[in-house]
Amino acid sequence: MDFKRLYDKALRLIPLNAEEGIALYTKAPVEELMYVANSLRQHHNPGNNAGWMIDRNVNLTNICFSHCTFCNFCRKKGAADSYVTSIHEYKTKIDELFSLGGDQLLLQGGMNPDLGIGFYTDLFSNLKKLYPSIKLHALGPPEIVYLAKKEKLSYFEVLSLLTKVGLDSLPGAGAEILSDRVRKIVSPAKATSEEWLDVMREAHKINLPTSATMMYGHIETIEERIEHLIKLRDLQDKKPENHYGFITFIPWPFQDEGTVLLQKHGIKSSYTGPDYIRMISISRIILNNIRNIQASILTVGKEIGMLSLHAGANDLGSIMIEENVVSAAGANNRFNADEMQSIIKEAGFIPVRRNQKYEAFYHPTDSYRDPLKGG
Ligand code: SF4
């Protein structure tokens, strides 16, 4: 295949098809991919800033009926170490979050069969009453599908009820790989790929900010990775004009430690640093309509995170206070706010704190002078 023609097409923001994406991802020289992806990053986000944020992951509950084969976090109902987080625990965690300069909770957890829509609407409205400035980046398409089925509501109705009481944005959780062949093996009880996309379509219609993700490096093929990206791009194309749609895309590799996929099926993570760089680059190249590409520094670590910023990514994500899900499967990279900013600086960029909508702001606790004022 003529790579130069494909680079030219990508740089003119003309969508690449699956065959072209696969050819670039598997065969193009990595330095060329990085160069093209970096040029596109400059197109979407000109300048030398790289984003980061502080939020706190709080798991609503670890009781889940889904038992995805890559998940070490979920527990059966009645298990000795199962829990539903209490309002008292939220208060302690939110107070600590505010003291560290963050203002957002990432609320995720299991699909607990005992918890219906009333549980979530009560919880969100109580949190907003107690902390009016707190931002709730919560749940994900699988939970919305689950709640819609449980309560016999449409996705639109579930999302509307939740946004009315304080849901600020919807994470792209549970996407894994948007292929039902893969999902039947890794997450058979979860939303299908079509259901995942349908929820996001509804979220885009009501202008709820969303993100998109991919968890790769297990049983999927290269073709399925590229199809995943194209499905996201196609949906983003259909979002109403001036609506947020997918604000960012975050790929992260499967963490295999102690998972059923590894222990019962011998599936190891195929992650390598060089392949992550190719993944970041091809994501930037294929997703010509998603402005932000975030490298998952918590799963790939400092060095690959830094390199990602030269390969099309413009953000390293959150320092994520109290992350329990990927860390339960072996992702042990941890950074505080100062370290995150130093990493970005060391990579040659200006660290800019941002919120979930990727709006930059400066906080007095940030280690660098206000980059928005050119400091
Ligand atoms: S990944 Fe999420 S949905 Fe799947 S078993 Fe774990 S908690 Fe449940």
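How many aromatic pairs does the count come to? The count comes to 6 aromatic pairs, where rings of Phe, Tyr and Trp (its six-membered ring) pair if their centres lie within 6.5 Å; planes under 30 degrees apart are stacked, over 60 edge-to-face and the rest tilted. The model is predicted, so local features need pLDDT of at least 70 and side-chain atom pairs pLDDT 80 or more, while totals for chains, interfaces and linings use all residues. Residues are numbered from 1 along each chain as its sequence is written, and side-chain values use heavy atoms, without hydrogens and water.

Select Phe 65 and Tyr 146 to begin. Their rings form a tilted pair, 5.3 Å centre to centre with 50° between the planes. Phe 65 lies in the loop between strand S2 (56-59) and helix H4 (87-99), and Tyr 146 in helix H6 (residues 141-151), so the pair ties together parts 81 residues apart in sequence; helices (H or I, at least four residues) and strands (E, at least two) are DSSP runs, numbered from the N terminus. Phe 65 is partly exposed at 34% relative accessibility, whereas Tyr 146 is buried at 12% (buried is under 20% relative accessible area, exposed over 50%, partly exposed in between; 1.4 Å probe, protein chains only).

Next, select Phe 98 and Tyr 131, another tilted pair, at 5.8 Å centre to centre and 45° between the planes.

Finally, select Arg 354 and Tyr 358. The charged end of Arg 354 sits over the ring of Tyr 358, 3.8 Å from its centre (the rule requires NZ of Lys or CZ of Arg within 6 Å of the ring centre and within 35 degrees of the ring normal).
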